[in-house]
There are 2 protein chains.
Amino acid sequence: MPELGALEVLLAVARGGSLNAAAREVGVSQQAVSARISSMEAQTGVPLVTRSARGSALTPAGVVVVEWASRLLDVAGELDAGLAALRQDRRTRLRVSASLTIAEHLLPGWLVSLQAAARQRAQAGPEVVLTAANSDTVIEQVRRDQADVGFVEGPQAPRDLRSRVVGRDALTLVVRHDHPWTRRRRPVAAQELAATALVSREPGSGTRDALVAALRAALGPGAVLTPPAMALSTTTAVRAAVLAGAGPAVLSELAVADDIAGHRLRRVPLDGLDLHRELRAIWRGPSRPPAGAVRDLIAHIALRERPA
Amino acid sequence: MPELGALEVLLAVARGGSLNAAAREVGVSQQAVSARISSMEAQTGVPLVTRSARGSALTPAGVVVVEWASRLLDVAGELDAGLAALRQDRRTRLRVSASLTIAEHLLPGWLVSLQAAARQRAQAGPEVVLTAANSDTVIEQVRRDQADVGFVEGPQAPRDLRSRVVGRDALTLVVRHDHPWTRRRRPVAAQELAATALVSREPGSGTRDALVAALRAALGPGAVLTPPAMALSTTTAVRAAVLAGAGPAVLSELAVADDIAGHRLRRVPLDGLDLHRELRAIWRGPSRPPAGAVRDLIAHIALRERPA
DNA sequence: GCCGGTCACAAGGTCGCCTTGTACCCCTGC
DNA sequence: GCAGGGGTACAAGGCGACCTTGTGACCGGC
C-alpha cells in the first residue's frame, strides 16, 4: 500500500507533466521524486508513469490510479483539518463544540470548505478549536462560555440559548445484509420495532433518546419498550456489533451512509415513525449571531447544507 | 499528517482495547505500537489514548479521530483493491476491461465487496485483472478475447456481444460555485447548452459522444453545436479546467459527486435533454454469462447496484 | 502471594528517503 | 553545427523513522 506522501507526489507529476515540475511543487529534489515514483511502481507492480527526455506522462493505469488517489487525498485532507481543529495548543480563535454525530460526519467537510473559501478570498481562515462531546455537554459548554458556538442534533433547542437550523438528519433502521428483514416486503411498524431487542447507544445518548421519544410519540407514553440487546458507548461499536450479527440498530443516516453504500449494512423501511431531526447551531447572547467568525461560520454551513 | 499505517494501529487499539492486543493483531511488538501511538500524538498534538495498567482506552478526541480514520482507511482499501487488480504479473483468473468512468468510480467498490463476499463464504475471491480504456477499446478487447468481461456505459451495446445492464449513470451540467449560472432560476435549455462553449473531453470519448447524441436528439440532426472551449483527455483535467474557471462542463454524475458534495462544483439543472445512460456488462459467446467467475461477478454487481 | 496481563524505558540494528554531484538525452534557436 | 535549457538516470553518503529485544513496574484475580 503506497503512502499518502507518495500519492501526493504522483498527483504533482500528473499535474505538472514532469518529474522536475513535481519536485519543485512538492519542494524536494528531482531525484527524490523519481525514486519515489519508482519505488511506488515497484511496490504496487503497476507502471504508472512513462518517462522521456521531454517530460513524463501517466500510463493508462496511472490515470486511473491518480483518480483513485485524488479521492483518497480528499478524505485525508478532511482528517487533517479535523486533527488541526482538535489541537488545543494554539490560542483559540473560535471554539466549536459539537455532538459526536456532527463532529464525526459533518465537521471535517465544513472545515475544509471553510478554509477553501477563506483561501479564495486570500484570507486566512479562522483557527477553529473543536471539542466533541454528547449533546448535553455541548449545551453546557456553550452556556458556560467554554465554546463560542455549538452544534447539536435533535429538537431540544434550549430556551436560554439562541439557535439556527443548519441542516437535517434522520435516524434509520439498519441490519446486516443477511438479516431476515432484508427480505421483508412491508416496512417495520413502530409496534414491531418497540418489541425488538436492538443494539443501542448508552442511555443519555442523543441518538437513543430520539428513538425512544419517537416510539413514545407513536405508541403512547405508557408503551412498553423492549430493552436493548446491548448498549455501547460509540457509534463505531454499535456498527461493529451489527456487523457481527448482534441484531438490528437505529442509527443516524450520516453514520451509516458509507456502510450502506458499501453494502455492508442494509436499510429497512420503517412505518409510522418520524425520525427526522434538525441540526442546529447554538450560541449564547443576542438573538443574532454575533458579528465575526461565529456568524461567518454559521452562514457558511447553512449555505453548504441547505441545497443538499 | 499521520501515515495510514499509524491509523491502522490506532484502529486496532480501539478494537482490541489494549496496546498489546493491537500489537498481536497488527503483528508487531507491544513497544512498537506504544511508540507509534505516542509519535502520532506528538505529531498531531492531540491525545488519543489513555493508557492504564489494565488496558488502553480512547480519549473523547480519539473516538472522533478513529471514526475519521476509519473512513479514510475504507477509501484506502478501495485504492488497494484497484491496484491489486491493475497488477498484471499474476496468472490471470478473470480479465476485466472497463471504461474509464466505471474503472475510476465504481470498480474499486465492486472489488472490495466482491472480496468481502468471498471471504464471508470462506473462499478466496477471484483474482481480477483490470484494464481501463475507452469504451471502444473495451469492446474490442472483449471481441478479441483479451478480456473475459467488459464494462461500458452508453446505449451502444454491440450486437455481436451479449450484455446485461448492471447500473445507471447520468451526465450532468456543472459549473464552478461562482459561475453566473448558479444564480439562475430556470433550467438551461438544450438550445442554450448547444450555444455554449463547454470544457469537454476529446473526440471519441463516450462522455462527449453521449452529450452530442443527446443534443442532436433534442435539436435535430442538423443542429449547429458550438465547438468546445477546450478538449482534454481525462475527466480529471476537465474538472481542473472547470475549477480554474474555464467554463461549464458536462460530466458523469459519478465523476463529480465528490466535488458537488464538497461544494467545489455546482450542478445546473437541464431541460429537454435525456442524459441518462445504462452501465452494461458485456461478454462474448452464449447468451447467458458463462458459469463461474464471470457470472458470479456480474450477478454480484447487479445485486449491488440495483437497489441504489 | 503468585501469576497473567498491562504498559514504559533503553539500546541497537535496519531500511527508507532525501540530498548532492555527475552524466546523458532531446529539442530549440542562433 | 553547436550551445543552452529542460528533462531524466545513476551513485554515494547521511539522517531519521521504525522495529526488536531485554528489562522493570504496576494492577487485579485466584
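**View 1. Backbone and side chains meeting the phosphates of DNA strand C.** In this predicted model, a backbone N or O atom of Asn20(B) sits 2.9 Å from a phosphate oxygen of DNA strand C. Ser56(B) reaches a phosphate oxygen of DNA strand C too, with a polar side-chain atom at 2.6 Å. Both are listed as polar contacts (a pair of N or O atoms within 3.5 Å; within protein, one must be able to donate a hydrogen and the other to accept it, and residues adjacent in sequence count only if both atoms are side-chain atoms).

A quick word on bookkeeping: residues are numbered from 1 along each chain as its sequence is written, and chains are lettered from A and ligands numbered from 1 in the order in which they are written. Local features need pLDDT of at least 70, side-chain atom pairs count only at pLDDT 80 or more, and totals for chains, interfaces and linings use all residues, while side-chain values use heavy atoms, with hydrogens and water left out.

View 2. Among the DNA atoms within 4 Å of the protein, 66% belong to sugar or phosphate and the rest to bases.

**View 3. The β1–β2 hairpin of chain B.** Strand β1 (residues 49-52) and strand β2 (residues 55-58) of chain B pair in the antiparallel sense over four bridges; pairing takes at least two DSSP bridges. Two residues separate the strands in the hairpin, and Ser52(B) stands opposite Gly55(B) in β2(B).

**View 4. Where chain B meets chain A.** The contact (heavy atoms within 4.5 Å) involves 52 residues of chain B and 51 residues of chain A. Together the chains bury about 4,600 Å², 63% of it on carbon and sulfur atoms; that is accessible area (1.4 Å probe) lost on being put together, summed over both. There are seven salt bridges between the chains, each a side-chain nitrogen of Lys or Arg within 4 Å of a carboxyl oxygen of Asp or Glu. One of them joins Arg71(B) and Asp258(A) at 3.1 Å, N to O. Helix α4 (residues 60-86) of chain B supplies the largest share of its side, 20 residues.

Note on methods:
Buried area is the accessible area (1.4 Å probe) that two parts lose on being put together, summed over both. A residue is near a molecule or strand if one of its heavy atoms lies within 4 Å of it.
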